[in-house]
Protein chains: 4
Amino acid sequence: MKYQKAKSLEVQEWLNTDKDLNLEVLKGNIIVIHVFQMLCPGCVQHSIPQAKKIHERFKKDEVIVLGLHSVFEHHDAMNKIALEAFLHEYKVSFPVAIDLPQENDYLPVTMKKYDLQGTPTLILIDKQGNLRMKAFGFVDDLEVGLLIGTLQSEDDENN
Amino acid sequence: MKYQKAKSLEVQEWLNTDKDLNLEVLKGNIIVIHVFQMLCPGCVQHSIPQAKKIHERFKKDEVIVLGLHSVFEHHDAMNKIALEAFLHEYKVSFPVAIDLPQENDYLPVTMKKYDLQGTPTLILIDKQGNLRMKAFGFVDDLEVGLLIGTLQSEDDENN
Amino acid sequence: MKYQKAKSLEVQEWLNTDKDLNLEVLKGNIIVIHVFQMLCPGCVQHSIPQAKKIHERFKKDEVIVLGLHSVFEHHDAMNKIALEAFLHEYKVSFPVAIDLPQENDYLPVTMKKYDLQGTPTLILIDKQGNLRMKAFGFVDDLEVGLLIGTLQSEDDENN
Amino acid sequence: MKYQKAKSLEVQEWLNTDKDLNLEVLKGNIIVIHVFQMLCPGCVQHSIPQAKKIHERFKKDEVIVLGLHSVFEHHDAMNKIALEAFLHEYKVSFPVAIDLPQENDYLPVTMKKYDLQGTPTLILIDKQGNLRMKAFGFVDDLEVGLLIGTLQSEDDENN
């Protein structure tokens with residue numbers, strides 16, 4: 001099987017971290033990216049709790065959980081100050097990237113690059129940097145566990 | 001039994017309505033007030049759904065559901081623009097009052113006047129304008145139904 | 001308004017009580033009857049927890065919660081021994097009546113008399129002994145609370 | 001790593017299947033065994049739905065879901081007739097083994113052999129026939145998925 005390389009994230013600013021966590025830096029790890037909007041009910045109800053559970057479960061392993069805040073509506077309401085308050089109130093401690101806004105487009109850059117349908121979207125990247133899942137909507141914990149188990153079993157080098 | 005009169009609401013602005021819905025205007029109705037903050041997880045998970053259910057159930061009766069957005073933290077994040085986006089995303093259609101901010105106090109005026117402990121808080125007012133419930137935290141639907149049933153059975157005049 | 005009198009229960013045996021709790025004996029109280037079958041998934045998931053909650057909430061008031069085990073399928077599986085084990089495992093402590101089986105009919109007597117569609121069914125009887133609710137399926141806690149609140153507000157005598 | 005071989009199941013009778021599905025027969029497959037009692041609330045609420053989900057998800061793969069009805073209390077209530085009614089009502093379609101009862105012991109044979117603490121218990125066996133999980137209580141879907149993903153990635157031969 002031949003997988004597509006995951007495209008780099010275009011980030012305006014990182015929260016909950018001092019570092020620039022671009023995908024190159026994280027290579028060698030399994031990466032779980034929860035793409036969300038802080039005022040998206042489905043994200044708040046299902047995806048944020050799932051992301052927190054995965055983060056808690058794997059934080060000592062080589063599975064990195066990232067949030068990507070890709071705002072494509074209500075831009076004035078979901079700014080950086082609001083997002084910081086949201087992360088504080090919902091006790092989100094994993095790093096969150098603010099997707100780079102575009103001047104003449106309501107879609108932010110990474111969202112467009114990845115051709116995402118909306119939020120929530122779950123992205124999984126393997127140790128080689130390949131895109132292995134890009135799923136719009138809610139993904140069952142069983143599926144997420146299954147894919148992480150598969151990715152963990154793969155060699156670091158030869159996929 | 002002798003009940004305290006419910007104090008008037010001090011409101012900066014009403015959303016989801018053209019009218020000024022102060023308690024005097026609504027007198028003769030049973031009034032359910034859900035005091036919330038848009039970034040309070042307990043409000044989003046439990047109280048907003050409960051308020052929507054009560055609103056849906058009783059909208060043709062004399063039970064009026066109001067929201068009261070009493071911001072006492074993250075004031076910059078929970079402004080009017082953010083609240084409007086929130087009400088849109090969470091499909092809240094009942095009238096919502098923005099509690100009047102105070103200049104040198106983080107507590108808004110109505111919250112202070114009513115001596116509220118935090119959000120969510122559920123307030124019930126009878127047809128006579130008396131305060132009949134002021135409960136911090138989550139109140140079971142059974143309790144809310146029970147009190148509404150009791151208040152509906154009371155005369156309009158002589159309590 | 002004129003209500004129908006609630007028909008008497010035809011009972012093979014009472015569990016969780018020493019007394020014969022026919023409706024005549026209980027008159028003057030509000031009576032909540034949860035009609036169930038121990039192997040009915042909807043009863044186990046929704047109605048038994050609701051009945052336990054009502055029982056717990058009102059046990060010191062004049063609201064009596066009764067179970068009525070109306071078996072109309074799998075008669076061999078849902079016998080008295082099985083029901084006793086079920087009540088023990090699910091920690092049901094309110095009195096439960098075994099609906100009287102009929103010899104040449106799969107329907108037990110009370111179920112037929114009350115013309116019930118199936119299980120779960122929720123029955124509410126007022127202090128005067130009138131039938132005030134007979135609802136097949138799951139009834140929201142808000143509705144149950146509302147009706148109990150109404151029934152509590154009614155006089156004992158003149159309805 | 002060296003794993004213990006999974007012990008054979010001692011079965012009185014199989015339901016939902018015509019075959020004797022002992023572990024030797026199933027070798028080469030990943031096997032998920034949900035040990036339950038039909039009147040155990042935790043089994044009904046969590047484990048049966050989880051087992052049904054795993055069965056539905058993997059039924060075309062080499063993951064076999066089995067139930068093991070290990071009765072160690074209320075033996076009279078949880079007999080074969082009752083179990084058949086239960087499986088019908090709860091729409092359980094995967095094969096279920098009745099754990100072999102012992103004459104002078106309340107514990108059935110397989111339960112004793114496997115030294116199980118109670119129900120629900122989740123057992124996972126790899127393609128080589130090794131015991132890879134034996135967990136009492138409720139196991140999160142994420143964990144189950146993770147282990148299945150790992151087991152699927154292992155060779156059939158050399159573990």
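Chain contacts, a sheet and a core

Trainee: How many residues does the contact take from chain A and from chain D?
Mentor: The contact takes 15 residues from chain A and 15 residues from chain D, where two residues are in contact if their C-beta atoms, placed from the backbone, lie within 7 Å. This is a predicted model, in which local features need pLDDT of at least 70 and side-chain atom pairs count only at pLDDT 80 or more, while totals for chains, interfaces and linings use all residues. Residues are numbered from 1 along each chain as its sequence is written, and chains are lettered from A and ligands numbered from 1 in the order in which they are written.

Trainee: Switching topic, is C:Thr150 buried or exposed?
Mentor: C:Thr150 counts as buried because it has 20 C-beta neighbours inside 10 Å; the cut-offs are 20 or more other C-beta atoms within 10 Å for buried, 12 or fewer for exposed, and partly exposed in between. C:Thr150 lies in helix α5 (residues 141–153) of chain C.

Trainee: Which residues does C:Thr150 touch?
Mentor: Leaving out residues up to four places away in sequence, C:Thr150 touches B:Gly149, B:Gln152 and B:Ser153.

Trainee: What is the strand order of the open sheet in chain C?
Mentor: The six strands run in the order β1-β4-β3-β2-β5-β6, with mixed pairing, and two strands pair if DSSP finds at least two bridges between them. At the edges are β1 (11–15) and β6 (131–136) of chain C, each of which pairs on one side only.

Trainee: In what sense do β5 and β6(C) pair?
Mentor: Strand β5 (residues 121–125) of chain C pairs with β6(C) in the antiparallel sense over five bridges, and C:Thr121 stands opposite C:Phe136 in β6(C).

Trainee: Last one, which residues touch the most other members of the largest nonpolar core?
Mentor: Of its 184 residues, they are A:Ala82, B:Ala82, C:Ala82 and D:Ala82; such a core is a set of buried Ala, Val, Leu, Ile, Met, Phe, Trp, Tyr and Cys residues joined through C-beta atoms within 7 Å. Not counting residues up to four places away in sequence, A:Ala82 touches A:Met38, A:Ala77, B:Ala77 and B:Ala82.

Technical notes:
Helices (H or I, at least four residues) and strands (E, at least two) are DSSP runs, numbered from the N terminus.
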